[in-house]
Each structure stands twice: as C-alpha cells, then as structure tokens.
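Good morning, colleagues. Please turn to the model on the screen, and I shall take you through several of its sites in turn.

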Amino acid sequence: MRKILSGLRIATFEETDTPYGLVKNGSIGIDGERIAWIAQDIPNDWRGVESLDFGGRLATPALIDCHTHLVFGGNRAREFEMRLEGASYEEIARAGGGIVSSVKATNGLSEDELVAQSLPRLDTLLAEGISTIEIKSGYGLNIEAELKMLRVARRLAALRPVRILTSYLGAHAVPPEYRGRADDYISQVVLPGLEAAHAANLVDAVDGFCEGIAFSPAQITRVFEKARALGLPVKLHAEQLSNLGGAKLAASFGALSADHLEYLDEDGARAMAAAGTVAVLLPGAFYALREERAPPVRILRDAGVRMAVATDCNPGTSPLTSLLLTMNMACTLFRLTVEEALAGATREAAHALGLSKEIGTISPGKRAEIAIWNAEQPAELCYRIGFNPLHQLILKA
Ligand code: DI6
Ligand code: FE
C-alpha cells in the first residue's frame with residue numbers, strides 16, 4: 001500500500017538548522033508502514049498513487065508519552081484534599097498513604113477490572129495524536145501483582161492502536177510488610193519478580209525510584225545489576241525531591257533516561273550527557289506537588305543532554321492524561337521553548353525509549369506515524385490549555 005499526504009506544513013523534527021525541521025508546503029510519501037520520502041514535489045514514479053490533501057495543515061511526528069504509571073486501581077482524590085489542608089506528599093507517604101494506598105487499590109482488582117479502569121485514561125491520552133506510550137508497574141509490590149500489572153499493560157496494547165513499552169518498577173516503594181527491610185524486599189521480591197517478568201516477556205526496561213522515601217543508590221544498584229545481567233535497559237526516577245546522585249548512577253549504567261531531576265546538579269548533568277542518558281521532565285508532578293524548584297533546564301541544555309517531556313500519569317502526583325497540556329506546562333513552568341517541548345514529546349521521547357531509529361521524527365525509513373493538526377504554527381500545540389486540535393493520526397499507509 002502506498003499513499004501520499006499532501007498540502008502539509010511538515011515539522012519533521014529532523015536535526016537540521018531549520019527550526020522544527022520545517023518543510024513548508026510539502027508532501028509525504030508512505031509505503032506500507034514506512035515513510036518513503038518528504039518533498040515539495042511528488043516524485044515521478046509516485047504519479048497516480050492515492051493522495052490526500054490536508055489543506056495547509058501542520059504535520060508532526062505522532063506524539064510519544066515516555067513516562068507513565070497509567071495502570072493502577074482507584075484514585076487518590078482524598079490525598080488531594082489532604083494536601084489542600086496542608087499535608088505534604090512525603091508526610092502522606094510516611095503515614096501509609098501515597099503509593100502504598102494505590103497498591104491496595106490495585107491489588108484488590110482482577111486483571112479485567114484493571115484493564116477496564118485503565119482504558120479510559122489510555123483513550124484520553126490517545127485522542128491527542130499519540131502512537132506510543134510507556135507504562136510502568138510498581139503498584140503491585142509483590143511478585144504476582146507486579147506481573148499482573150505488566151500483563152495488563154500488554155493487554156492494553158492489543159486493545160488499542162498504540163505501541164506500549166513496559167517498565168518493571170518493582171523498586172517503586174517499600175511495601176508495609178517490608179518496612180525497615182528494603183534490602184530484603186529487593187532480594188525477595190524485586191529481583192526474583194524481575195526474573196519472572198522477564199521470563200514471561202513482560203519487561204522492556206527496568207525502572208526504580210531513588211529517593212529518601214524509596215530506595216537508596218546502593219539498593220538501586222542491585223536492581224540495575226540484575227537488569228544488566230538480563231540484558232535489559234534501565235531508567236530511573238532520580239533527584240525528584242532531593243539529590244542522591246541518582247542521575248549519575250543511572251548514567252553509569254548507560255540508562256536510557258533519568259526522570260524528574262528537579263534537584264540535579266551539574267555533575268549529574270555532565271554524566272548524563274556523556275552516557276547519552278535522556279532527561280525526562282515531568283511538569284505534571286511538579287505542578288501537582290507545588291514544587292518550587294524546577295529542573296535545571298539551562299544546565300541540561302548547556303551540557304547537551306536531550307530533554308523529553310512526559311505526563312507521568314499516576315494517581316498520586318500527576319493525575320494527568322494530556323500530553324498537550326504537559327507540553328504547555330513544560331513551557332510555562334520549566335521555560336522550555338516550544339521547539340524543545342514538542343521535540344520532547346516526539347524525537348527526544350523516542351530516544352528515551354530506545355526507539356529513535358524507528359519513530360520520533362518524520363524521516364524517510366522511519367515508521368509512518370504522523371499527527372495532523374488543525375493548526376498552522378507549531379506554537380499552537382503548546383500555548384493552548386485544554387484544547388485538542390488533532391485533525392487525524394496516521395499510523396501507516
Ligand atoms: N515518582 C512519582 O512522582 C510517582 N512515582 C514516583 O516514583 C508518584 C507515584 C504515586 O504517588 O503514586
Ligand atoms: Fe513516575
């Protein structure tokens with residue numbers, strides 16, 4: 001199957017000197033699942049191929065949400081109220097709320113129920129021109145429950161036209177039955193759970209939460225060593241609430257990404273740049289927690305670290321199911337440029353998932369995953385709040 005998309009302003013996001021890699025007034029040739037060419041004139045041997053005219057609309061790579069905890073049970077609206085009454089996220093977590101309360105809600109559901117509760121969130125995200133999302137486990141915190149979450153993520157991919165990459169996040173929180181025994185939890189649950197999930201082909205990457213209220217760098221190192229032994233890529237929630245050197249640790253394992261990074265220092269940024277570790281910025285969590293310290297965007301930029309942007313969709317700190325709103329927040333709260341925010345939800349997000357050869361830019365040879373917008377300027381996708389200008393999502397010819 002061949003098809004031509006014509007009458008487009010194409011923000012290819014190829015890394016050229018042209019902002020957005022913009023091709024004004026262009027066409028895209030699609031052959032099966034791949035992009036064949038991008039040009040102003042249709043090649044001779046494509047004459048007669050079916051062509052759709054988009055009347056001057058903007059095309060971008062389909063969006064990619066590279067950090068979500070989309071599969072979970074219940075909600076944490078009550079904690080939202082508690083925070084309004086003055087409680088902090090850490091206080092709520094230490095009092096047995098927080099992640100652990102979502103663990104109870106998640107583990108009380110069957111696999112079918114978990115699919116049913118997750119689908120509306122997935123559909124809301126997908127309505128904004130998304131082709132690919134990452135989903136983490138981490139609300140099970142026992143072996144079978146972690147596997148269940150990952151199976152749900154795989155099932156979602158079969159139910160909707162979306163590519164889903166899974167991350168095993170057994171090291172998300174210490175469950176109550178292991179309080180004060182985080183190392184035992186890692187030995188008895190996280191590591192054997194990872195082996196079992198990997199054997200069942202449920203794991204695309206391994207994640208962890210490196211934080212005072214979660215796991216120390218030494219404990220994360222144990223998890224990453226197991227990931228390395230299994231040949232799985234790693235990523236890390238790092239420097240969200242304090243600086244434990246998690247980003248540097250992740251970089252030393254060649255991590256795909258280090259995520260959050262509000263407390264990152266220059267040393268960490270340099271290590272990430274050297275390792276090619278992507279910085280995944282999560283303005284939804286920053287906003288919901290009313291954090292005051294934004295990630296050091298200027299340091300990341302100067303160090304040459306790629307910056308992705310993602311929803312962090314989760315019940316506690318980022319109940320957010322709009323990547324467009326996330327891009328707006330990245331600009332307004334973190335001062336990313338529009339080009340950085342859009343690249344962050346396309347090209348750089350592809351890097352963060354290890355998929356940059358396949359998706360993330362509109363380039364010959366890459367998959368034909370293209371969002372077409374009722375917009376002319378790329379900035380229109382970032383400046384609006386709560387409006388979805390998607391015209392059509394193309395996923396192949
Ligand atoms: N950092 C976060 O912001 C989320 N997980 C993490 O490691 C929070 C998850 C939650 O509160 O349920
Ligand atoms: Fe997260």
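Which residues coordinate the iron ion (ligand 2)? The donors are His67, His69 and His237, each through NE2, together with Asp312 through OD, at 2.1 to 2.3 Å. A donor here is an N, O or S atom within 2.8 Å of the metal (3.2 Å for Na, K and Ca), and water is not among the atoms, so sites may look incomplete.

Before I continue, a word on conventions: this is a predicted model, in which local features need pLDDT of at least 70 and side-chain atom pairs count only at pLDDT 80 or more, while totals for chains, interfaces and linings use all residues. Residues are numbered from 1 along each chain as its sequence is written, chains are lettered from A and ligands numbered from 1 in the order in which they are written, and side-chain values use heavy atoms, with hydrogens and water left out.

To return to the metal, the angles among the four donor atoms run from 81 to 167 degrees, and the site of the iron ion (ligand 2) is irregular. As to that term, four donors count as tetrahedral if all angles lie between 85 and 135 degrees; four count as square planar and six as octahedral if opposite donors are over 155 degrees apart and all others between 65 and 115; anything else is irregular. Along the sequence, the donor residues follow the spacing H-x1-H-x167-H-x74-D. Histidine 69 belongs to the loop between β5 (63–65) and α1 (77–84), and aspartate 312 to the loop between β12 (307–309) and α12 (323–334), so this pair ties together parts that are 243 residues apart in sequence. Helices (H or I, at least four residues) and strands (E, at least two) are DSSP runs, numbered from the N terminus.

Buried means under 20% relative accessible area, exposed over 50%, and partly exposed in between (1.4 Å probe, protein chains only). Aspartate 312 also has a positive phi of about 60 degrees, although it is not a glycine. Asparagine 201 has a positive phi too, near 60 degrees; this residue is placed in the loop between α6 and β8 and, at 56% relative accessibility, counts as exposed.

I turn next to the aromatic residues. The structure holds seven aromatic pairs. Rings of Phe, Tyr and Trp (its six-membered ring) pair if their centres lie within 6.5 Å; planes under 30 degrees apart count as stacked, over 60 as edge-to-face and the rest as tilted. In one of these pairs, the ring centres of tyrosine 185 and phenylalanine 215 are 6.1 Å apart with planes at 20 degrees, so the pair is stacked. Tyrosine 185 lies in helix α6 (residues 182–199) and phenylalanine 215 in the loop between β8 (205–208) and α7 (217–230), so the pair ties together parts that are 30 residues apart in sequence. Tyrosine 185 is buried, with a relative accessible area of 0%, and phenylalanine 215 is buried with a value of 0%. Phenylalanine 224 and phenylalanine 253 have ring centres 5.4 Å apart and planes at 70 degrees, so that pair is edge-to-face. Phenylalanine 224 is in helix α7 and phenylalanine 253 in the loop between α8 (246–252) and β10 (257–260), 29 residues apart; both are buried.

What lies in contact with lysine 235? Its contacts (heavy atoms within 4.5 Å), leaving aside neighbours within four places in sequence, include Cys66, Glu134, Asp207 and Phe224. Lysine 235 lies in strand β9 (residues 235–238) and counts as buried at 2% relative accessibility. Its side chain makes a polar contact of 3.1 Å with that of glutamate 134. A polar contact is a pair of N or O atoms within 3.5 Å; within protein, one must be able to donate a hydrogen and the other to accept it, and residues adjacent in sequence count only if both atoms are side-chain atoms.

Finally, threonine 361 is in the loop between α14 (347–352) and β13 (370–373) and is buried, at 6% relative accessible area. Its side chain forms polar contacts with those of serine 363, at 2.5 Å, and lysine 366, at 2.8 Å.
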